[in-house]
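I opened the notebook to go through this model one part at a time.

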Amino acid sequence: MERKVKVAAVSYLNTRPLLYGFRNHPVMEMIDLSTDYPSKIAQQLIDGEVDVALVPVATIPKMKEYHIISDYCIGAEGPVASVCLFSEVPLNEIKRIYLDYQSRTSVALLKLLVKEYWKLDVTFIETSGQYQENIKGTDAGLVIGDRALEQRKISPFIYDLAEHWTRFTSSPFVFAAWIANKSLPGEFIQQFNDANSIGVKNILPVVAENPYEIYDLTTYYTRDISYPFTPAKRQGMQKFLSYLQQG
Ligand SMILES: C=C(O[C@@H]1C=C(C(=O)O)C=C[C@H]1O)C(=O)O
């Protein structure tokens, strides 16, 4: 290819294994890599500022053209640890929920669980900057990513969205997938996939490179997050997308 492929990845700890894979693979020469929070890179992919991004799957219905290009994703087969509803009171006492402006998938998943599974009567509040300090009394908050791992130390009630999705549907869940907004050469896709697999197979050095006191990253990378985009995860994603379609 004459020009480098512009790739945007999520800037949270959950992508460190995937980024490690790029750094240790010749595909790095073929890409221009940037990182940002999920809702930001979703907009970059929709606007054509990048060619490939690890975007929230809830973005898929908004795309004119999309290609899922990898066998790896940010998924979970049970609790994911970093996507939770945090609260000072139990679920049935919550009155309002702050939504995370950095998220697309988890906001949609939360609304789905509130309506179809927990059947709560709550008001949602949009955010655009720091809001975690507002999580108190009967005001709860959805928090994703590294900030969620921090919030686990603060909030007494923690409702893990991937865990509750799995209980509700018996399916695994996919938060984000590598999606291209145009068709890319098969050779590139193969190299890209290969690089991802290197990261996922090398969790030990990834953890060694990323000292983190707040949460055990080996647990996070091997038990909580599940990277392989398996047929069961594809089915789980389709189930989620069809819920979104029903509105
Ligand atoms: C598991 C996570 O998945 C993330 C959740 C996303 C979302 O809610 O839109 C998008 C990308 C993923 O990084 C997390 O960030 O903690």
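**Entry 1: a helix and what covers it.** I began with helix α5, residues 161-169, and found that Leu 161, Ala 162, Glu 163, His 164 and Trp 165 are buried in it. I then looked up what lies over these buried residues of α5, and the cover includes β4 (67-76), β5 (83-87), α3 (105-117), β9 (157-160) and β10 (173-180).

**Entry 2: confidence.** I noted that this is a predicted model, so I checked its scores before going further. The protein chain has an average pLDDT of 97, and 99% of the residues score at least 70. Among the elements of the chain, I found the lowest mean pLDDT, 96, in helix α9 (residues 231-246), and the highest, 99, in β5. For the complex, the predictor gives an ipTM of 0.96 and a pTM of 0.97.

**Entry 3: strand β1 and its partners.** Which strands pair with β1? I found that β1 (residues 5-10) runs parallel to β2 (residues 31-36), with six bridges joining the two, and within this pair Lys 6 has Asp 32 of β2 as its bridge partner.

I looked at α1 separately and found it mostly covered, with six of its eight residues buried. These buried residues are Arg 16, Pro 17, Leu 18, Tyr 20, Gly 21 and Phe 22.

**Entry 4: Asp 32.** Is Asp 32 buried or exposed? I counted it as exposed because it has 12 C-beta neighbours inside 10 Å, and 12 or fewer is the cut-off for that class. Asp 32 sits in strand β2, and leaving aside neighbours within four places in sequence, Asp 32 is in contact with Lys 4, Lys 6 and Val 7. Asp 32 and Val 5 are 27 residues apart in sequence, while their C-alpha atoms are 6.0 Å apart in space.

**Entry 5: strand β8.** I next took β8 (residues 139-144), which is mostly covered, five of its six residues being buried. With β5, strand β8 forms an antiparallel pair joined by four bridges, in which Cys 84 has Val 143 of β8 as its bridge partner. With β6 (residues 96-98), strand β8 pairs in the parallel sense over three bridges, and Tyr 98 stands opposite Gly 141 in β8.

**Entry 6: around the ligand.** How many residues surround the ligand? I found 18, of which the closest are Pro 56, Ser 82, Ser 103, Ser 106 and Phe 175. By residue type, the shell around the ligand divides into 11 nonpolar, six polar and one charged. I also noted that α3 and β10 each supply at least two residues of this shell.

**Entry 7: Ala 177.** I stayed with strand β10, where Ala 177 is found. Why does Ala 177 count as buried? Ala 177 has 26 C-beta neighbours inside 10 Å, and 20 or more is the cut-off for a buried residue. Not counting residues up to four places away in sequence, Ala 177 touches Val 57, Ile 68, Cys 73 and Phe 229. The C-alpha atoms of Ala 177 and Val 55 are separated by 5.7 Å, although these residues are 122 residues apart along the chain.

**Entry 8: two residues with positive phi.** Last, I looked up backbone angles, bearing in mind that most residues other than glycine have a negative phi. Ser 170, which is not a glycine, has a positive phi of about 60°; this residue follows α5 and lies in the loop between α5 and β10. With 10 C-beta neighbours inside 10 Å, Ser 170 counts as exposed.

Lys 119 is likewise not a glycine, and its phi is positive, at about 50°. I placed Lys 119 in the loop between α3 and β7 (123-125), and with 9 C-beta neighbours inside 10 Å this lysine counts as exposed.

Methods. Residues numbered from 1 in each chain as written. Predicted model: local features only at pLDDT ≥ 70, side-chain atom pairs only at ≥ 80, totals over all residues. Pairing = 2+ DSSP bridges. Contact = placed C-beta atoms within 7 Å. pLDDT = per-residue confidence, 0-100. Near = placed C-beta within 6 Å. Nonpolar A, V, L, I, M, F, W, Y, C, P; charged D, E, K, R; others polar.
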